[in-house]
Amino acid sequence: MDIEKKLKEFKKYYEKVEPSRNFMEQGSKNLQDRILQLEKSKTERRFYYLRPFALAVFTFFVLIVISGGLVQASQKALPGEPLYPVKRLSEDVTARISGNQVNRVENRAGEIVELSKKGKSSKQVQKAVEEYKEAVDQAKRSRKNTDDIEKRLEEHEREFEQIKKGSSGEEIDEAIEISKRGRNDEDKKKDEK
Amino acid sequence: MDKGLQELIDKSKKGDKDAYGGIYKIYVKKIYRFIYYMVYERELAEDLTQMVFIKTWVSLHSYDETKGTLQSYLFAIARNLAIDYKRRKREISLENIAEPASNHEADEEILREEQRDLVAELFKYLDYEEKQLIIFRYFEELKFIEIADILKQKEGAIRVKLHRILKKLREKIKGGNYGY
């Protein structure tokens with residue numbers, strides 16, 4: 001028996017099997033719809049995976065903006081106020097990067113003036129004076145921007161003299177003393193040079 | 001390769017869905033028949049046929065004409081889908097899908113026909129791979145090289161297997177009644 005010939009005859013029976021009429025009529029359209037759906041979900045999936053990354057980038061920029069705004073807002077903060085730590089932190093960072101202590105000294109002096117004007121407790125003013133002393137000493141140790149520091153210390157002395165008139169505490173006297181001593185030390189260094 | 005078909009392939013690769021629709025119309029019945037004789041369920045065969053064309057669309061950018069015909073590419077995907085289905089069905093221990101259609105409750109339309117499904121009767125003597133070889137070689141009339149591409153086997157091995165299948169069928173059919 002020629003089996004191969006028999007098999008070729010079977011082919012006509014094999015070809016009788018066909019998909020349903022509905023499948024033939026709708027199949028092409030259904031396929032296109034499913035392909036479109038697939039492409040849509042692929043795009044959505046791409047964005048879905050990008051979402052955490054996009055969120056991280058957005059959050060980073062928001063934090064940058066907020067922190068920049070925070071730093072700006074904190075510049076007028078006084079000891080005891082919520083943004084005061086932000087102010088001190090930004091000062092430290094600036095001082096570390098630039099090596100310039102002038103800003104720190106300037107801020108401490110400004111705080112003494114503001115606290116006195118606002119009639120804050122002598123304890124608070126005393127603390128501010130101690131911080132001022134620390135800042136002046138640190139500036140002197142750095143031996144940088146000495147002319148600038150001297151000029152500022154002179155201005156501080158004048159300001160402290162002004163507020164002394166309206167203040168009863170000894171803290172302002174101490175602040176004046178600190179600024180004088182700081183200038184005298186600067187003068188001595190110049191003489192030594 | 002036929003020029004018209006080549007054009008459809010090139011356009012489809014660029015994302016032309018209408019061109020791909022043309023490819024679908026050329027091959028849909030062939031793929032359906034093949035899958036039907038693997039799973040013996042009409043609706044399932046239709047679903048799997050659609051899957052073949054969806055998978056082909058997704059992977060068409062990587063299809064290389066120099067490595068085989070589009071027909072063998074489609075049949076390879078169809079074969080893999082049918083095998084996956086068979087494996088899943090085995091895992092959940094359902095009925096044997098290799099039963100001939102005349103014994104299969106799901107396919108009542110075939111049963112209602114006056115003429116029995118002689119192909120299914122023939123296939124009951126063959127295992128899964130042997131069935132595929134007979135379909136590819138004698139019903140779809142693919143070349144040996146195409147069959148080798150689909151089954152990822154050497155041409156020589158395909159020829160040897162087919163020779164054995166024919167010997168087996170010769171012995172079985174000798175004693176059987178196939179409506180002649």
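**Entry 1: the buried area between A and B.** I started with the area that chain A and chain B bury between them, and it comes to about 3,600 Å². Of that area, 69% lies on carbon and sulfur atoms. I then asked which residues of chain A lose the most area to chain B, and found A:Phe10, A:Tyr14 and A:Val17. Together these three make up 21% of what that side buries. A reminder to myself as I go: this is a predicted model.

**Entry 2: who touches whom.** Next I looked up the contacts, and 29 residues of chain A meet 39 residues of chain B. I also looked at polar contacts across the two chains and noted twelve residue pairs, with both partners at pLDDT 80 or more. Which elements give two or more residues to the side of chain A that touches chain B? They are α1 (3-14) and α2 (21-74) of chain A. The largest share of that side comes from α2(A), with twelve residues. Sorting the residues of this side by kind, I got 14 nonpolar, five polar and ten charged.

**Entry 3: salt bridges across the interface.** I was curious how many salt bridges there are between chain A and chain B, and the count is three. I picked out the pair A:Glu18 and B:Lys29, whose side chains meet in a salt bridge at 3.3 Å, N to O.

Entry 4: I then widened the search to the whole structure, which gave 28 salt bridges over all chains.

**Entry 5: a nonpolar patch on chain A.** My last stop was the surface of chain A, where I noted a nonpolar patch of about 610 Å². Its members are A:Leu50, A:Phe53, A:Val57, A:Phe60, A:Phe61 and A:Ile64. I checked the place of one of them, A:Phe60, and it belongs to helix α2 of chain A.

Key
Residues are numbered from 1 along each chain as its sequence is written. Chains are lettered from A and ligands numbered from 1 in the order in which they are written. This is a predicted model: local features need pLDDT of at least 70, side-chain atom pairs count only at pLDDT 80 or more; totals for chains, interfaces and linings use all residues. Side-chain values use heavy atoms; hydrogens and water are left out. Contact means heavy atoms within 4.5 Å. Buried area is the accessible area (1.4 Å probe) that two parts lose on being put together, summed over both. A salt bridge is a side-chain nitrogen of Lys or Arg within 4 Å of a carboxyl oxygen of Asp or Glu. A polar contact is a pair of N or O atoms within 3.5 Å; within protein, one must be able to donate a hydrogen and the other to accept it, and residues adjacent in sequence count only if both atoms are side-chain atoms. Helices (H or I, at least four residues) and strands (E, at least two) are DSSP runs, numbered from the N terminus. Ala, Val, Leu, Ile, Met, Phe, Trp, Tyr, Cys and Pro count as nonpolar, Asp, Glu, Lys and Arg as charged, and the others, Gly among them, as polar. Patches are made of residues with over 30% relative accessible area and no salt bridge: like charges are joined within 9 Å, nonpolar side chains (Val, Leu, Ile, Met, Phe, Trp, Tyr) within 5 Å. Accessible areas come from the Shrake-Rupley method with a 1.4 Å probe; for residues, only the protein chains shown count as cover.
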